[in-house]
Amino acid sequence: MSQPLVSILVPFKNTEAFINECIDSIINQTYTNWEAIVIDDSSTDKSNSIVEDYSQKDTRIRLFKNKGQGIINALQTAFSLCHGDYITRMDSDDIMTPNRLEVMVNNLLKHGKHHLAVGQVKYFRADGVSDGYARYERWINALTKTGSNYSEIYKECVIPSPCWMLHRDDFIACEGFKPNRYPEDYDLTFRFYRAGFKCIPCNEVLLQWRDYSTRTSRTHEHYAINYFLDIKVHYFLELDYDSNRPLTIWGAGNKGKTVAKLLIENKIPFYWICDNEKKIGKHIYEQELYNFNYLEQLHKPQSIVTVANANEQEEIRTYFKEQQMQSMIDYFFFC
């Protein structure tokens, strides 16, 4: 039985310090039937010449210039030029573990279409990984281990952008990289969720995820918090909001205020609750803030929780449990 072809889509811009390690990790895969579509997004360093050297030695590596500008255009260009049965993405500053493709292809062959292969990740950084990234790594790996990634999709991006794979037909069915909406990886994750593609549990680390101060996700405006909240509200209203039920926002910090603005812009009525005595009874954006137990006066409410403190989140979860409310049906953590 012939091995299906895997298309690895690799956009890059000015990553000359890292791109050798990335491509070497692709070449060293135990699974060998792949093509790497590597797209130069207007690099001004030596990245292009580095990739060109690789492409001359290995015909599976194909180098092209971006037809547009920016990472979404680069990914669209890459997909338009690929031929694989399975589609995956790789970032030019990261490293695949040697068995990544093999594990993902085997999982997809076993489970079939309408499934998404994912893998655990390991952050690394020359001067050490921050506590925040270490927490994110533990959180996302715990979800990936059980395939329960969507259960907390409104908190953070639950599918690492350089560590997924799915059948070409499924990728096309969920519109691939067509929408011009940032952050593009989070948007794609929501479209996987909308399509109902099941995440295949994985207990192996398949990606070495590099962190450094100038990484795009740290520096570009498209990855600022307001973009993430825009995405969350957009898909919540499309996929999980029930207009027949009263909606509440729990929390009146910066994230709560941003969510409130977005709901007002979308003409979505809501109640605003919190447990901060200094804010209860006050008005923000002409909306009165109620004590959190005002929820008990509402009939079958849905709640968006914007409280970030981990201890307070646990108390809120306990409260919802006491009210016999279910996560992702009755309440949604947005942070």
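Where in the chain's secondary structure does V105 sit? You'll find V105 in helix α4, which covers residues 100–111. Keep in mind that this is a predicted model.

**The chain as a whole**

- Out of the 335 residues, 54% count as buried.
- Take the contacts between residues at least 6 apart in sequence: 76% of them join residues at least 24 apart.

**Helices α1 and α2**

- Two packed helices are described by the angle between their axes and the distance between the axes.
- Here, α1 runs over residues 19–27 and α2 over residues 47–57, and the two pack at an angle of about 20° with their axes 10 Å apart.
- Angles under 35 degrees count as roughly parallel, and α1 and α2 are therefore roughly parallel to each other.
- As for handedness, the crossing of α1 and α2 is right-handed.
- On the α1 side the contact is made by I19, N20, I23, D24 and I27, while α2 brings I50, V51 and Y54.
- Sorted by type, the residues of this contact are 6 nonpolar, 1 polar and 1 charged.

- V105 counts as buried because its relative accessibility is 1%, and the cut-off for buried is under 20%.
- Setting aside residues up to four places away in sequence, V105 touches P4, V6, Y31, Y86 and M165.
- Q3 is 102 residues away from V105 in sequence, yet their C-alpha atoms are 9.1 Å apart in space.

**L166, in strand β8**

- L166 belongs to strand β8, which takes in residues 164–167.
- With a relative accessible area of 0%, L166 is buried.
- Once neighbours within four places in sequence are left out, L166 is in contact with D85, Y86, I87, L108, H115, L116, F171, F192 and F197.
- Y86 turns up for V105 and again for L166.
- From L166 to C202 there are 36 residues in sequence and 14 Å in space, C-alpha to C-alpha.

Key
Residues are numbered from 1 along each chain as its sequence is written. This is a predicted model: local features need pLDDT of at least 70, side-chain atom pairs count only at pLDDT 80 or more; totals for chains, interfaces and linings use all residues. Side-chain values use heavy atoms; hydrogens and water are left out. Axes are lines fitted to C-alpha atoms, for helices over the stretch in contact, and angles run from 0 to 180 degrees between N-to-C directions. Helices (H or I, at least four residues) and strands (E, at least two) are DSSP runs, numbered from the N terminus. Angles under 35 degrees count as roughly parallel, over 145 as roughly antiparallel, 65 to 115 as roughly perpendicular and the rest as oblique. A crossing is left-handed if the near helix is turned anticlockwise from the far one by less than a right angle, and right-handed if clockwise. Contact means heavy atoms within 4.5 Å. Ala, Val, Leu, Ile, Met, Phe, Trp, Tyr, Cys and Pro count as nonpolar, Asp, Glu, Lys and Arg as charged, and the others, Gly among them, as polar. Buried means under 20% relative accessible area, exposed over 50%, partly exposed in between (1.4 Å probe, protein chains only).
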